[in-house]
Amino acid sequence: MTQKSTHDLAVIGMGMNGMLNAICLAGLKTASGKAVSVCIADKDPEPLKRFELDNRTIALSGFAKALLDELKVDIEAEPLGIIDYIYTFEKSTRPILEFAKEQNNNQPIGWIVKGRVLLNALYKKMQELDNIDIKNGCEITQLASTSDTAIINGGQISAELCVVCDGKASPSARLLGVKRYSHSYNQKSLSFVIEHETEHKNIAVEQFTPNGPFATLPLANSHQSGVVWSLNGSLADTLLAMPQRRLIMHLNEECKRLKNIGFVKQIVSNPRAYPLEISILAKMHCGRFYFAGDAYNAIHPVAGQAFNMGVKDAAMLKDAVQSHLSLGLDAGLKTCINEAANARIKHHLSLNIATHFLVKLYSNANPLTKLIRTAGLDVFNQFSTLKNLAFKNASGL
Ligand SMILES: Cc1cc2nc3c(=O)[nH]c(=O)nc-3n(C[C@H](O)[C@H](O)[C@H](O)COP(=O)(O)OP(=O)(O)OC[C@H]3O[C@@H](n4cnc5c(N)ncnc54)[C@H](O)[C@@H]3O)c2cc1C
């Protein structure tokens, strides 16, 4: 018979969001000053092998970087890339949106960490904390809420509150019968690292093409950038199947207007394709289960904001749970869950609308749409208030 374990709090899923939530919650104390016990479970028996396959370059906002530093998650096993400037433009037009560190008191607009480095750092931090019980190879197949307990896999794990971070397909949301609204972009993002001829000068570039957005993110090595290349239909698979020499030819076609990249010399990491969709649950919680990360809301990577959003959600949940525990109250009470969810839902909705609008407006070759968006962004670029608002959003400040 499977051993049963009872904890104060539980987390399902060991992706970026699950591990971050577990670390945040493990820092909390009960009213008597005792550290809470946290259990985190993932179906994957060997997460470290999975982390090595993650070749994404993740743009972190100032808020996310500050929280990871505060939690002492060492994401600097490899030096971080720094974003000092962001240029956004459409093929064959001049830059339509520019953000600079000068708008941010000369501080970086964001940081770039490799996905595998971030995942390994979060896992290492969890292992260092005595009050986190890590259960690998533990697939969650049954969930139930009673008046005072979240019961997982028929009691294999139980806790006052369970944070569900099992990804955008979220089997837990299905088990709990929570409706998901989703829309596939019929796009895949190719993610990999390139080495280029020119120094990137800490510039991140987003170039909109009718096939989808093409982004380069500056890494610590000034001749290397992460690429997030979103492509319509089966184009991503076609490019993936090509010999590297031909893929580099296509890359150079995309990069020829990017003055900070110059000529692409080689592809440094194996490209991987990620299917893209927008999806959000009808509610952020159900009984004693609270949804977070992609399990609650997955978005297109065009603005590089999904994990950054998850970090703000984790910080909000941590504060709500701490205020309840300090009063000797149960963390799974509706008041606690509502406090965290209500503060975040409107941010999710506005980010969903903004990213969806951006993808739809730009992945389109219609000449009228093109005229409207160029004129619109020209106006937008000239108004500092609008631009500053967008800057704050883009940098997650
Ligand atoms: C190409 C690309 C680039 C991106 N760039 C950025 C960026 O620059 N900035 C940014 O903020 N965001 C970015 N994102 C978004 C970010 O990567 C995701 O939001 C984030 O990785 C999602 O993490 P998660 O923990 O929510 O889910 P996942 O990583 O999907 O983790 C889910 C976990 O749940 C486990 N699981 C699933 N089912 C079960 C079950 N039944 N029982 C137990 N465990 C289960 C899985 O094994 C997995 O470990 C990008 C995304 C893509 C695709």
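Axes are lines fitted to C-alpha atoms, for helices over the stretch in contact, and angles run from 0 to 180 degrees between N-to-C directions. The model is predicted: local features require pLDDT of at least 70 and side-chain atom pairs count only at pLDDT 80 or more, while totals for chains, interfaces and linings use all residues. Residues are numbered from 1 along each chain as its sequence is written.

**View A. Crossing of helices α1 and α4.** The axes of α1 (residues 16-26) and α4 (residues 115-128) come within 10 Å and cross at roughly 30 degrees. The two helices are therefore roughly parallel to each other (angles under 35 degrees). Helices are DSSP runs of H or I with at least four residues, strands are runs of E with at least two, and both are numbered from the N terminus.

**View B. Residues joining α1 to α4.** On α1 the contact is made by M16, M19, L20, A22 and I23, and on α4 by L118, L119, L122, Y123, K125 and M126 (contact: C-beta atoms, placed from the backbone, within 7 Å).

**View C. Loop residue N106.** N106 lies in the loop between β7 (97-100) and β8 (110-114). Its phi is positive, about 60 degrees, although N106 is not a glycine. Most residues other than glycine have a negative phi. N106 is exposed, with 9 other C-beta atoms within 10 Å (exposed: 12 or fewer; buried: 20 or more; partly exposed: in between; C-beta atoms placed from the backbone).

**View D. Loop residue N153.** The loop between β11 (150-152) and β12 (157-159) contains N153, whose phi is positive, near 50 degrees. N153 is partly exposed, with 17 C-beta neighbours inside 10 Å.

How values were computed:
Angles under 35 degrees count as roughly parallel, over 145 as roughly antiparallel, 65 to 115 as roughly perpendicular and the rest as oblique. Two residues are in contact if their C-beta atoms, placed from the backbone, lie within 7 Å.
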